[in-house]
Amino acid sequence: MKRDKKPAIGIFGAGWVGLVSGACLAELGHDVVVRDVVPERIEALRAGRLPLHEPGLGELLERNRERLTFTTELDDLVSTPIMFVCVGTPPTHSGDADLSAVWTVVDQLPVLEERGILVMKSTVPVGTGEKVRAALDARGLAHVGYASNPEFLSEGSAVKDFMNPDRIVVGAFTEADAGSVASLYEPLDAPLVRVDVASAEMIKLAANAFLMTRISFINEIANVCEATGADVEQVAQGVGLDHRLGPHFLRAGIGWGGSCFPKDGAALKQLASNSGYHFQLLSAVIEVNDLQKRRVVGKLEKHLGKLSGKSVALLGLAFKPNTDDLREAPSLVLASRLLAEGAEVRAWDPVADASHLLQGVTFCESVLEAVTGADAAVIVTEWEELKTLASAEVLGAMRHPLIVDGRNLLEPAQARSAGFAYEGIGRAASPLAALPETEEREPQLEV
Ligand code: UGA
């Protein structure tokens, strides 16, 4: 390491959580060393290159260069008084969280002379803290403290979320450890939720599950709106103004994806099941989301008949805007379903590159290229660029003027007056798009 000054904070894992947390803790004035096992990643970071897309993160790393060090060496970290664990906990085949990276950190900790605190930021099953505590004790590391300090960062706004948190949750086995962790966040104006370790672990899982529940709930309301003639956007506004309910996470669409909700939903469901409890509501929430992605196919078939030989433009591939993250993105399910139906799929995304994940899809450089000759354009991710999709230029380029708006991004009236047949989610259906005379429409039932 270049510096003489000893960093106060060590971070295991230079992934998305580790980098955002490291950069933000440095911004709060702490000296931070971030360690990763992938040398190329560390090399890139040392050279000032970001290995992922997150607004504001590059600037933050640059601004705090003096306070940030990147390393592959374990030794550079273990003398830091506070060590954050920010490693991945992906799902296993059973839906349980894979904690192997967490255990590698715990197992690799040398017998420290000085007192340190291991702080878990990775999302882990309830009970992990107890197990880590027991493992540390068994390894002669009883003097190393343990705390759970879950992250509530959303991709695309993670820096803002870190610097303006709704709350800081700290679960610890001792008051002293809780105080040390909480003090790191002192410059931030946020309530401190000081709880036991298991509750801190559950707060993270429950918060994500609740957010998923809200989305699946509004998506089911949207589906009933379609069947009954109500408009889910108006409904969500009217519901969300109730102060007991609030307006957030009531955007109907083609469902959630990402690196967190699918994994954390499965992990909580599995955790409950392993503990002998069938979490019925969460199971339904997950199933509703799985089906929601596929409803787009039904909407396309309603307008176009059989999709074999039809050309469909998928606009937006990332699981949400302002990220290049494709993990569990609804676009992947949709593209695969459309290919299975024999459709030609033309995809566009301003950032995400899905060419290694999807075989048989034509990837396009621009929205216009993707919609050229298409029978339908599907808005999969609500990128800013797509707000002007219902234009004369796009109308002229498409073979059939059909827009299926999977994120309710457009104004239906404006899209229709621009000459498009428009289908949103939970909004009044459009008259069917005109097909060329040579083609017959075979009416299909929606899923
Ligand atoms: C989510 C949580 O929002 C964070 O608080 C949490 O820290 C993070 O998971 C995590 O566990 O690390 P993230 O997955 O980045 O963050 O993204 P969200 O903004 O929550 O969106 C997730 C998905 O839900 C996206 O596919 C989005 O399109 C969808 N969504 C969101 C809706 O369909 N409707 C909504 O109203 C909101």
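Predicted model: local features only at pLDDT ≥ 70, side-chain atom pairs only at ≥ 80, totals over all residues.
**Entry 1: α9 and α11**

I started with how α9 and α11 pack: the angle is about 115 degrees, and their axes are 9 Å apart. (Helices here are DSSP runs of H or I with at least four residues, and strands are E runs of at least two, numbered from the N terminus; axes are lines fitted to C-alpha atoms, for helices over the stretch in contact, with angles from 0 to 180 degrees between N-to-C directions.) So α9 is roughly perpendicular to α11. I noted the α9 and α11 crossing as left-handed, meaning the near helix is turned anticlockwise from the far one by less than a right angle, while clockwise is right-handed.

Residues are numbered from 1 along each chain as its sequence is written, and side-chain values use heavy atoms, leaving out hydrogens and water.

**Entry 2: α12 and its partners**

Next I checked α9 against α12: the axes come within 9 Å and cross at roughly 45 degrees. That makes this pair oblique, and α9 passes α12 in a left-handed crossing.

Then I took α12 (residues 280-304) with α13 (residues 330-340), whose axes come within 8 Å and cross at roughly 40 degrees. So α12 is oblique to α13 as well, but here the crossing is right-handed.

**Entry 3: the ligand**

How many residues surround the ligand? I got 20, and the closest are Glu-151, Glu-155, Lys-204, Asn-208 and Cys-260. (To be near, a residue needs a heavy atom within 4 Å.)

Which helix gives the most to this shell? It's α9, with four residues. Both α9 (197-228) and α11 (261-274) supply at least two.

By class I have 10 nonpolar, three polar and seven charged residues in the shell. (Nonpolar covers Ala, Val, Leu, Ile, Met, Phe, Trp, Tyr, Cys and Pro; charged covers Asp, Glu, Lys and Arg; the others, Gly among them, are polar.)

Last, I looked up distances to ligand oxygen atoms. A side-chain N or O atom of Lys-204 is 2.6 Å from one, and a backbone N or O atom of Leu-153 lies 2.9 Å from one. For the side chain of Arg-407, I noted 3.4 Å.

Terms used. Polar contact = N/O pair within 3.5 Å; in protein donor to acceptor, adjacent residues only side chain to side chain. Parallel < 35°, antiparallel > 145°, perpendicular 65-115°, else oblique.
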